[in-house]
Amino acid sequence: MIIGGGPGGYEAALVAAQLGAQVTMVEQDGPGGACVLTDCVPSKTLIATSVRKQALLDAPSLGVSFSGGLDGDAGVAQVDLPLVNKRVKELAQAQSADIATRVEAEGVEIVKERGRLVDPQVVRAGDRTIRADVVLVATGATPRVLPGAEPDGERILNWRQLYDLEELPEHLIVVGSGVTGAEFAGAYRSLGAEVTLVSSRDRMMPNEDADGAEVLEEVYRRRGMNVMGRSRAASVKRTSHGVVVTLEDGRTAEGSHALMTVGMIPNTSGIGLEEAGVQLDRGGFVKVDKVSRTSAPGVYAAGDCTGVLMLASVAAMQGRIAVWHALGEAVQPLRLATVASNIFTDPEIAAVGVAQRAIEAGEIEANVVKLPLATNARAKMQGFNDGFVKLFCRPHTGIVLGGVVVAPRASELILAVSVAVQQRLTVDQLAHTFAVYPSLSGSVTEAARRLMQPGVGI
C-alpha cells in the first residue's frame, strides 16, 4: 500500500509490481503527485520558455537581429503568458497520464482519494479500508505560509498559483532567495517582468556553492534584477494596485505581485501517522533510517515528507530502497554523498559530492581546480561567458570527490562527475576519457588533467 503518487510513490509502485507484489497506490491529485502536476514539471517547463526568450535577448551579440513584427528595440518576440501557462498545464497533465499508463500496465491499482493510516497495516482511502503487509508513506510537502503574507491567489502567490496568471506581472517581488526563489526570479526576469528578489541572507542561495551563487547573482544584476540582500520580509500586503513588502528593517518594496518561496512543510498532519506509531521530528517530517524505515513496523516513508533531501531523484530512490528492503531484496542504504543536484536557473548550477565549504572548513582534505567557462572553445562559439567547471579530488589517490558545474545545461554536464564520484574514479581515469572537441564537457576532462597526480596512473 502506497500513500502518495509522486516520484517516491510511483517509482516504488513500479518496483513492487515488478517483484510480484500486489500494489495499491492512493493519490488524491493524480499520478505524479505535486511534483508532476504543480511543482517540478510545471516550473521547469516555464523555465524552458524563459531560457528560449533569453537566447533571443542575447542573439544580437552573435550577429542575429530581428525586424518586422518584433520589438526592434529589444530584439525579442513578445511573451503570450496565457499560451505559456496553457502549455505548462497541458504538459503536466500529459506527464501524469503517461505515469498512470505505465503504472497501471504493471498491474498497480490507483485510488484517487486521500489516504489515511488507521494502524501500521491498514489504510483508509475514501470509503475503502485496505489491509497491507507493507505501507509506504510518500505524501510530499506543501509551500510554507509566512504569517502576515498569506497567498490570495491573485496578487500574493505561491508557486503553485503562478500558472493561473493571465498576463505577465509588471513587477514581481520574489520573497525568498533559495533555489525555488532564484529559479522563478530568473525565469520571470527573462520573460520580461521587472523582478525584485528579497533575500534574508548576505547572498542568494546561501546553502549552495558560493562561487556558483556569486556568478548567478552577477548575471541577474546585469539583466536588470534588483537583488536585495540581508532583507528578511516581515509582511506582504495588498494595495489598491499591487503589493507592498515590508522588511524587518523598516524598508519597503512595492510591486504588482509577490511570489512567496519561503520553504516547504511536510504533508504529515491529519493522516494518522503518530497514532499508528510513526515518529515525526519537530518540523513534522517523518523520521526514517537509511533504508526508509519509520518507527512503526512495516511502515516506510519516502520523499519530501521525510525532509531528507527534497529532490525528485532522492524521493524516487528512497521509494525503491523501501520496496527492495521490505520485499527482501539486496539493497544499499541511501548515500546522500553521491546525489547529483541541479538548480534550473540560467545558467544552471549542478553539483555532486563534497561541497567546497566542507573543504574550506577543514572537514575534508581535497585538491581543487576551477576552470572558467569563458576559456572553453565551445562556450566562446555559443556566446556563453558566465560559469565554470570545478572539480575536487583526494590529494594522494586522486579519487574524485565531487564537483560543481555552472553552465547552460549543467544538469547534463554533471553526469560525468556524478559517475566518477559513484564509481570512485580517479582524476587520471577521467582525464584519459575522450571528450568531443569542441564541447562544454571538455572542461570536465580538462579540469581532471589539471588535477592529475604524478605517479598515480590508470
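## Exposure and the model

Buried means under 20% relative accessible area, exposed means over 50%, and partly exposed lies in between. These classes are applied here to a predicted model. K89 has a relative accessible area of 39%, so K89 is partly exposed.

## The K89–D164 salt bridge

K89 pairs with D164. Their side chains form a salt bridge, 2.7 Å from N to O. The two residues come from distant parts of the chain, 75 residues apart. K89 sits in helix α4, residues 81-105. D164 lies in the loop between β9 (156-158) and β10 (171-175).

D164 has a relative accessible area of 52%, so D164 counts as exposed. K89, at 39%, is partly exposed.

## Helix α4

Helix α4 has 25 residues. From first C-alpha to last, α4 reaches 36 Å. That is close to the 36 Å expected at 1.5 Å a residue. G107 follows the helix, with a positive phi near 90 degrees.

Which residues of α4 are buried? They are L81, V84, N85, V88, A92, S96, I99, A100 and V103. An α-helix has 3.6 residues a turn, so residues three or four places apart point the same way. The cover over the buried residues of α4 includes helices α1 (7-18), α2 (33-37) and α3 (40-58). Strands β2 (24-26) and β3 are also among the covering elements.

## Other salt bridges

How many salt bridges does the model hold? The count comes to 20. One of them joins the side chains of E109 and R128, at 2.7 Å from N to O. E109 is partly exposed at 32% relative accessibility. R128 is partly exposed too, with a relative accessible area of 32%.

D249 and R251 form another salt bridge, 2.8 Å from N to O. D249 is partly exposed at 48% relative accessibility. R251 is partly exposed at 38%. Elsewhere, salt bridges with shared partners join D209, D211, K370 and K390 into one network.

## Annotated domain

For residues 340-448, UniProt lists "domain: Pyridine nucleotide-disulphide oxidoreductase dimerisation", in an unreviewed entry. In the model, the end C-alpha atoms of this span lie 18 Å apart. The span is 33% helix and 28% strand.

Note on methods:
Residues numbered from 1 in each chain as written. Predicted model: local features only at pLDDT ≥ 70, side-chain atom pairs only at ≥ 80, totals over all residues. Heavy atoms only, no water. UniProt positions renumbered as here; feature names shortened; annotations may be inferred. Helix = DSSP H or I, 4+ residues; strand = E, 2+ residues; numbered from the N terminus. Salt bridge = Lys/Arg side-chain N within 4 Å of Asp/Glu carboxyl O. Buried < 20%, exposed > 50% of the residue type's maximum accessible area, 1.4 Å probe, protein only. Expected span 1.5 Å × (residues − 1). Contact = heavy atoms within 4.5 Å.
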